[in-house]
Amino acid sequence: MERAVLVRSLSCSSVSFNRLFFRSYHRLARSYPSSRLPPHNKRLVSNINRRSALRHHWRRISSSPSPLYLKRCFSSLSPRAVATSPKHFSSPDVGGSQDEVAEKLGFEKISEQMIEECKSKAVLYKHKKTGAQVMSVSNSDENKVFGIVFRTPPKDSTGIPHILEHSVLCGSRKYPLKEPFVELLKGSLNTFLNAFTYPDRTCYPVASTNTKDFYNLVDVYLDAVFFPKCVEDLQTFQQEGWHYELDNPSEDISFKGVVFNEMKGVYSQPDNILGRMAQQAMFPDNTYGVDSGGDPKVIPKLTFEEFKDFHRKYYHPSNARIWFYGDDDTNERLHILSEYLDSFDVSVASEESKVKPQKLFSEPIRIVEKYPAGDGSDLKKKHMVCLNWLLSDNPLDLETELTLGFLDHLMLGTPAAPLRRILLESGLGDAIVGGGVEDELLQPQFSIGLKGVSEEDIQKVEELVMNTLKKLADEGFDPEAVEASMNTIEFSLRENNTGSFPRGLSLMLRSMGKWIYDMDPFEPLKYEKPLQSLKAKIAEEGSKAVFSPLIEKFILNNPHRVTVEMQPDPEKASQDEAAEREILEKVKSSMTDEDLAELTRATQELRLKQETPDPPEVLRSVPSLSLLDIPKKPIHVPTKIGEIGGVKVLQHDLFTNDVLYTEVVFNMSSLKQELLPLVPLFCQSLLEMGTKDMDFVQLNQLIGRKTGGISVYPFTSSKRGREDPCGHIIVRGKAMAGRAEDLFNLVNCILQDVQFTDQQRFNQFVSQSKARMENRLRGSGHGIAAARMDAKLNVAGWIAEQMGGISYLEFLRDLEEKVDQDWDGISSSLEEIRKSLLSRQDCLVNMTADGKTLTDSEKFVSKFLDLLPSKQPRETNLWGARLSPVNEAILVPTQVNYVGKAANIYETGYQLNGSAYVISKYISNTWLWDRVRVSGGAYGGFCDFDTHSGVFSYLSYRDPNLLKTLDVYDGTAGFLRELEMDDDTLTKAIIGTIGDVDSYQLPDAKGYSSLLRHLLGVTEEERQKRREEILSTSLNDFKEFADAIEAVKEKGVVVAVASPDDVASANEDRPNFFEVKKVL
């Protein structure tokens, strides 16, 4: 369901324009749930449109060398036996002080420390009987977090840890249904519910602000990991891992499985292939030399016996690290745990799971690998090259790690950082690859390179990397750059702004980076002392004396270097498909008629199980809240609307720990239609070109020294009831309260003083944007399909697609040639955009801080507004364009598809009711989950209702099917009409929707959400009305909504980002169904 601005609005936080600076301290594990946080760093200009900010419903996979498979909102989970609400949590017979309670419950206190950096008391316990380690962190944070982590080092690339991560959440001893995870998604107030697979560990975290809900989540997760049904159920292994599928003995056999198809998608992305090759080559002798996520070519070698044995071996309390965080009762935590842990005896799992360090090489190595490229595309400049170093044969001490993280930020952390800048300015490649310093595994690594490189320039890239690093070691860094990095990192640490990603989970992942390797779990939480020590050392010895020895020791003089070259191969995708078909043909030819009949029967049996709902009495075993636990009013954000100098100003008086957050909004409606595709590049130019007095490096450093970050991006959306869209440029910034004047001065400088004269840098922006869009096509095809459908259905969607879809990619390709031919014209167009936008008349300012800071900042706002041009109101341009509403297939070299279908249901007469939020979420978590993901084998399938435009859309993610998925979409109205639902199921659906609506937000996000509601005309009265409609949703609402979404079946437009073979097959089955568009 779209997390609509209407009732919940965006959870965009300042993290979206902050690099998560050094990973020792911001170990947000490199890939985030996309509905929660933006993808890993890159200080790029945001292009936040309505889709990208409001949409995604599953967890994404990292494209990094040390990936973790954050999976879920499309995920699995299930239980066993019969359970009721967990009343057993309160054990009245165990009382006394915290230490006494711990002792009575079988826990030994190992250490207790105050963590001033996060205002918390942390106690480390050891469970005496099993050796399980427990970190109990208590503070005033209402967003409570639990996590259990096992070391799970694989020996091969069959993907056991990843498949097991999916499968344990498919039923357990106390919760004997197919998907308790989905029941939790449907009916809990969770603020986080997910699971991650790292190369050497598997994490199961949950979070909630409601204590009862939190303990329900904890109990389901504990039962899932320790007593899963999957170890007795072959069909779960087949569903989540892999199996042969055969619908009819006369047809071809195929591979199916959620993880199998997920990893096919991963292995279709060049950046992912590069990262995997680099990691495995750097670690040939330990567990990191294989892929814990699974290689699609190897996954089918995994047996059910190996799968069961892996769980028995590693999913044991003796091998567990358990984390609690928040404001709940610390004794209650131990009560809950003891009930589970006491069921086990000690095992040798913790010894068997230890990760052995990789010994350093005596000389560098080089690897050349091919990746699937589009047939017929220009392959001359499609090579990739990345240099990778393993920095040490043992884990580093905290101060060295911190200093390396600081060095990483200095070299790569901003557009002005020298290594990043010099590589991009060289013109040898289009975009950076490699993640810089990575320290999430036992041993740290450093990676850097370029993609979009010509074959003859590969050697030049390698030489440039080495020469630049040598120059940095010899000459050091500018003092202004060091000051800017220090301020940026220190600001980030003290602000501790993790967006809607729970702070307690961020701390858990930091701590786990040491704890999982039997090191001190407290140490990573304490940044103050090493930070002050580093600052003192820099002040005393100079930055060159601090950083140059590190560059020399860990990089320049380090023989453990792996250079990975990736070559484009237009034949690879078809060769891989042919190799898979050949394997399956051999399998079929080896089968007797009886074997084939049995496989057909097994396929049908598995599908029947997948599509048969759990009985109501089993569903009731999953504990849930009641509607009495749900507040009747929406979350209130204090908003004072006033004026300064005739300009509207919104102020939100909230505690922000002395940080001022602000947004300055300009109306785009006077912009000429033909200039719209230039807007994202205009935004980037404002931040990454210089002024008359400062080059862009100096400007970037000034922003880093004086503020916590500034970003500029377009925001577009439909407005319900209006044909003309809402289009704005938003400038977001943050600074300490004492730096408010600096912040507004810098915003003014960016908007008015930046000169659009640097042709070379603009050329880089175009190349970077093109590379980024091409990467999105392979990895986020669902977003591309959604944007394309929107562009066919409404004007706001057309605008967004012009600035971030296929049309934008086509524009960039044309622009790349025009930059040299007509730079004066492009520069003039950028100036025209500025002239059209900058006006006091069309400006709005939004500020979030405590009352005193807001009052103190008003004079700076007034001065800023006085400097803006004062123009007569200009004529609004009518952007009336839409794309042709034909079914479209976007061809990309991929092994999986992204399938969308959409229509505007307001055009059929549907009137918005809050029940639509409940129904959309329910369709995603039942019908589409079961048919597209569980039975169909896709990694994800969901629907989205944009209540502003009226567009109801279906989308799938990493989907092996195409037409079959469209048939499922078309069956949705029938599913609703035939739906029977008891009161418990309906209540869960309502509660889960309220959980989305009331999603946890930090103060800056609350202020930003309020701003977006204001821009879209959503009043507090309407929020209350929609909430009442959500809470009073009935079964009859589901039946009536079926008529509305019938329009999608009858009049919907289809867009699929898909493989050429699948599209050809679809057009053969349904002649001329797709208009084909080749983009890669």
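Of its 31 lining residues, Glu-495, Asn-496, Arg-503, Phe-655 and Asn-657 are the closest to the centre. Pockets were defined on a 1 Å grid over the protein atoms alone, as open sets of points where a 1.4 Å probe fits, with protein on both sides within 12 Å along at least five of seven lines; lining residues have an atom within 4 Å of a point. Two or more residues of this lining come from each of α15 (479-495), α16 (503-515), β18 (659-667) and α35 (1003-1015), and α15 gives the most, with four residues. Helices (H or I, at least four residues) and strands (E, at least two) are DSSP runs numbered from the N terminus. By class, the lining of the second largest pocket comprises 13 nonpolar, seven polar and eleven charged residues, where Ala, Val, Leu, Ile, Met, Phe, Trp, Tyr, Cys and Pro count as nonpolar, Asp, Glu, Lys and Arg as charged, and the others, Gly among them, as polar.

The model is predicted, with local features requiring pLDDT of at least 70 and side-chain atom pairs pLDDT 80 or more, whereas totals for chains, interfaces and linings use all residues. Residues are numbered from 1 along each chain as its sequence is written, and side-chain values use heavy atoms, with hydrogens and water left out.

The largest pocket has a volume of about 1,400 Å³. Its lining consists of 46 residues, with Glu-577, Pro-960, Asp-1061, Asp-1062 and Ser-1065 nearest the centre. At least two lining residues are supplied by each of β9 (254-256), α7 (258-266), α19 (572-589), α32 (963-970) and α38 (1060-1069); α19 gives the most, with eight residues. The lining of the largest pocket contains 16 nonpolar, ten polar and 20 charged residues.

Asp-328 is located in the loop between β10 (320-326) and α10 (330-341). With a relative accessible area of 7%, Asp-328 is buried (under 20% relative accessible area, 1.4 Å probe, protein chains only). Beyond its neighbours within four places in sequence, Asp-328 is in contact (heavy atoms within 4.5 Å) with Lys-144, Phe-214, Tyr-215 and Arg-333. The side chains of Asp-328 and Tyr-215 are also joined by a polar contact of 2.8 Å; such a contact is a pair of N or O atoms within 3.5 Å, of which, within protein, one must be able to donate a hydrogen and the other to accept it, and residues adjacent in sequence count only if both atoms are side-chain atoms.

Technical notes:
Buried < 20%, exposed > 50% of the residue type's maximum accessible area, 1.4 Å probe, protein only. Points joined across faces, edges and corners; volume = space filled by probe spheres on them.
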